Structure formats: C-alpha cells, structure tokens
Amino acid sequence: MSASTLESPKLPRRRGEQRMMFGGVSWEEFKTFQTTLGEGRGARVSYLDGIIQFMTVSLEHESRKSHLGRLLEAYLFEKDVEIFPHGNATLESKRKKAAKEPDESYCFHVQKKTPDLAIEVAITRGGIDTLELYRRWQIPEVWIWQSDRLRVFHFENGAYAPASRCLHFPNLDLALLEKCARIPSVTQARREFLAGLKKKRRR
C-alpha cells in the first residue's frame, strides 16, 4: 500500500466511534501519513505489525477517560503520591513495529520514559489488539473501561493477566472507583469517591 492511499481516510460520519483499518503498511508509510495528518486530525491512529488503524473519538470516550483519570488522581492526592501524568503521549518504535496513544497514562513516584499505568476506554469492540501494543513496551499495568466495567491487567511473565487489584496501589478500592465512574456528574462522583475512601479508613 502506498502512502498516498492513506492521505485522507474517509471515516463514516456517524455518532459514536468508528474504526478503519489498512494492512500492508510499512513503518515509513505510517510515519509519512502521521506527519501529513498533523495535530488537527480528529482521529486516533495506531500501528501494529503493518496494520494501521484510524479511530474517531466520541464525546463519551473523552468524558469517560477524563472521569477515570480524575478519580485516580483524587485518590493519589489524598495519599500524597507524586504523580507524573503522561496523558496520551505517543508510544512508538520502528523496532517494535508499533505505535499507540494511550487515553490516559501515568508514572508514579518518579518520572520515567514509559508510563507505569495506561488507561484505555473501549466504546466499540474490535480493532488492533490493545494489550499486544502495550506488551511491546511492557507497561506494568493497563486499565480497560468497557461496557461500564473496569478491567485491570498486570504484565506478568511476558503477557497480561487479569487482576482484581491495582498493582501499584493494592489498597485502592477499584469497586468504589468503578461505581463512581458511572456517575454522570464529575463533581458528585468525586465527592462520593472521597467519602467512600474516608468511610473505609474509619473501619
């Protein structure tokens, strides 16, 4: 596939998130397209082993990932943990044949080149394997929000395994965080989350 083929992907103009994927794309073609597209692209671009994926980002997607990030940050501020937000800073490597923008990502305690935690919101199903992308960088922990549920994965023995606790903060009440993340109001969600944490401390 030539780079010119990828110059203007016509994503369907429908509500919600839409994906388009192309195979047989070299790293050089991917980088050329990435440069051509620029910052105002209005879509997320991922690359894995010759496959490039374009995904429109919905309001629900952006709202949910910010919601999760704010609740996590509220917990860390309460615990006086030093955090280094990486946001959606791109992970990319020609050698790894992969490129990915997390929805949210963080380093804890000290700054690092790659995040300790990546957060993904999956409104639609399918597409490039998200965990395989993160496996290329051995990101220690990945959270995936899908169908109003939070799934947690830890990197162990070269692969991701489902987990019931936060790797870096085992005492973080994930069930409470998940419950509060479903609350539409950010202010109310934060209030109930902090109240729940205080109640837990008093037990």
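Tutor: Within the chain, 58% of the contacts with a separation of 6 or more are between residues 24 or more positions apart, a contact being heavy atoms within 4.5 Å. This is a predicted model, in which local features need pLDDT of at least 70 and side-chain atom pairs count only at pLDDT 80 or more, while totals for chains, interfaces and linings use all residues. Residues are numbered from 1 along each chain as its sequence is written, and side-chain values use heavy atoms, with hydrogens and water left out.

The chain has 5 helices and 11 strands; these are DSSP runs numbered from the N terminus, helices being H or I of at least four residues and strands E of at least two. Of its 203 residues, 46% are buried, where buried means under 20% relative accessible area, exposed over 50%, and partly exposed in between (1.4 Å probe, protein chains only).

The side chain to look at is Arg-44, in strand S2 (residues 43-48). Arg-44 counts as buried because its relative accessibility is 11%. Leaving aside residues up to four places away in sequence, Arg-44 touches Gln-53, Phe-54, Met-55, Val-57, His-61, Glu-62, Asn-88, Glu-101, Pro-102 and Asp-103.

A salt bridge here is a side-chain nitrogen of Lys or Arg within 4 Å of a carboxyl oxygen of Asp or Glu. Side chains of opposite charge can pair when their charged atoms come close.

Glu-101 is buried, at 8% relative accessibility.

Asp-103 has a relative accessible area of 2%, so Asp-103 counts as buried.

For another pair, take Lys-31 and Glu-92, whose side chains meet in a salt bridge of 2.6 Å, N to O. Lys-31 is in helix H1 (residues 27-37) and Glu-92 in strand S5 (residues 91-93), 61 residues apart. Lys-31 is partly exposed at 25%, and Glu-92 is partly exposed at 32%. By the rule above, the count comes to 12 salt bridges.
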